[in-house]
Amino acid sequence: MPVANEEATMADVIDEIIGLGYDNLYLYVIMDDYSKDATAEIVKDYEEKTDKVKYIYYKDSKGLISCYLEGFRLALIDGAQYIIEMDGGASHKPSEIPQFIDWLEKGYDCVFGSRFVEGGSISNQPLYRRILSGGGTLVSNLVLHTKYKDMTSGFEAFNRNVLSHFELNRFLSTGHMYQTEMRYYCRNYKWIEAPINYIGSTSSLKFSAVTEALRILFKLKKNENNVRV
């Protein structure tokens, strides 16, 4: 869970995750210098109280995506069998974590949260962001010949055998396209999409992010084996 400037919601999110009651569920909170409020202090306080929470300062961070990948590396090193990625604010519901674990325990390699399958939803997000998410999925499936309902959600889970085969330092994306890139690399594994109820924000999306996504999309198509699996 990469986190930055979430002091208003951090304690509630941690309490909900711990409250799920799994004996072997551990929360790795990845942070960098982008966070300027008291979020780090809140996480460190929990780390002192319970072994279920681990504060990780990633000094070599290059942004959100590098924090995702660093979290994967550390979870693999520490022997995690299942690894779940989710956002650090209140956009992803901790109450939906059990379904990811259930599907992995049923033998799936990857479980991808989807806002566009039956039972999924989006709230508190402007129409143009919804159109971009839906349109991005459509275009990605057309170009990459994939069959996902949602190519841009950041709530997902993996069996360790999937992530351990990736060269994590060779991902192309540094922004929004990362989720699509990950799904593309996982297309030949046994995967399923699980419904999530995403709570968005009214933050704007820069046009440069869209052009960057398109650039990476067609680069993926051209160089299908950039990350070997």
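1. Are arginine 183 and glutamate 156 buried or exposed? Both are buried: arginine 183 is, and so is glutamate 156. Keep in mind throughout that this is a predicted model. The side chains of these two residues meet in a salt bridge, with N to O at 2.9 Å. That pair links distant parts of the chain, since arginine 183 sits in helix 7 (residues 178-185) and glutamate 156 in strand 6, 27 residues apart.

2. On to the other salt bridges; the count comes to seven. One of them joins the side chains of lysine 54 and aspartate 78, at 3.4 Å from N to O. Lysine 54 belongs to strand 2 (residues 53-57) and aspartate 78 to the loop between helix 3 (64-77) and strand 3, so this pair ties together parts that are 24 residues apart in sequence. Lysine 54 counts as partly exposed because its relative accessibility is 32%, which falls between the 20% and 50% cut-offs. Aspartate 78 is partly exposed too, with a relative accessible area of 44%.

3. Now strand 3 (residues 82-85). Which strand does strand 3 pair with over four bridges? The partner is strand 6 (residues 156-159), and the pairing runs in the antiparallel sense. Within it, isoleucine 84 stands opposite alanine 157 of strand 6.

4. Follow the chain on from strand 3 and you reach serine 91, in the loop between that strand and helix 4 (97-105). Serine 91 has a relative accessible area of 11%, so it is buried. Its side chain makes a polar contact of 3.4 Å with the side chain of aspartate 87. Leaving aside residues up to four places away in sequence, serine 91 touches Asn197, Tyr198 and Ile199.

5. Valine 111 is a handy landmark in strand 4. With a relative accessible area of 0%, valine 111 is buried. Beyond residues up to four places away in sequence, valine 111 touches Phe100, Trp103, Leu104, Phe155, Glu156, Ala157, Ile192 and Ala194. Two of those names have come up already: Glu156 partners arginine 183 in a salt bridge, and Ala157 stands opposite isoleucine 84. As for lysine 54 from point 2, valine 111 is 57 residues away from it in sequence and 24 Å away in space, C-alpha to C-alpha.

6. Finally, the surface. Val139, Leu214 and Phe218 make a nonpolar patch of about 260 Å². Phenylalanine 218 belongs to helix 8 (residues 207-222), and its relative accessible area of 48% makes it partly exposed.

Definitions and conventions:
Residues numbered from 1 in each chain as written. Predicted model: local features only at pLDDT ≥ 70, side-chain atom pairs only at ≥ 80, totals over all residues. Heavy atoms only, no water. Pairing = 2+ DSSP bridges. Helix = DSSP H or I, 4+ residues; strand = E, 2+ residues; numbered from the N terminus. Buried < 20%, exposed > 50% of the residue type's maximum accessible area, 1.4 Å probe, protein only. Polar contact = N/O pair within 3.5 Å; in protein donor to acceptor, adjacent residues only side chain to side chain. Contact = heavy atoms within 4.5 Å. Salt bridge = Lys/Arg side-chain N within 4 Å of Asp/Glu carboxyl O. Patch = residues over 30% accessible without salt bridge, like charges linked within 9 Å, V, L, I, M, F, W, Y side chains within 5 Å. Areas by Shrake-Rupley, 256 points an atom, 1.4 Å probe, with all protein chains shown as cover.
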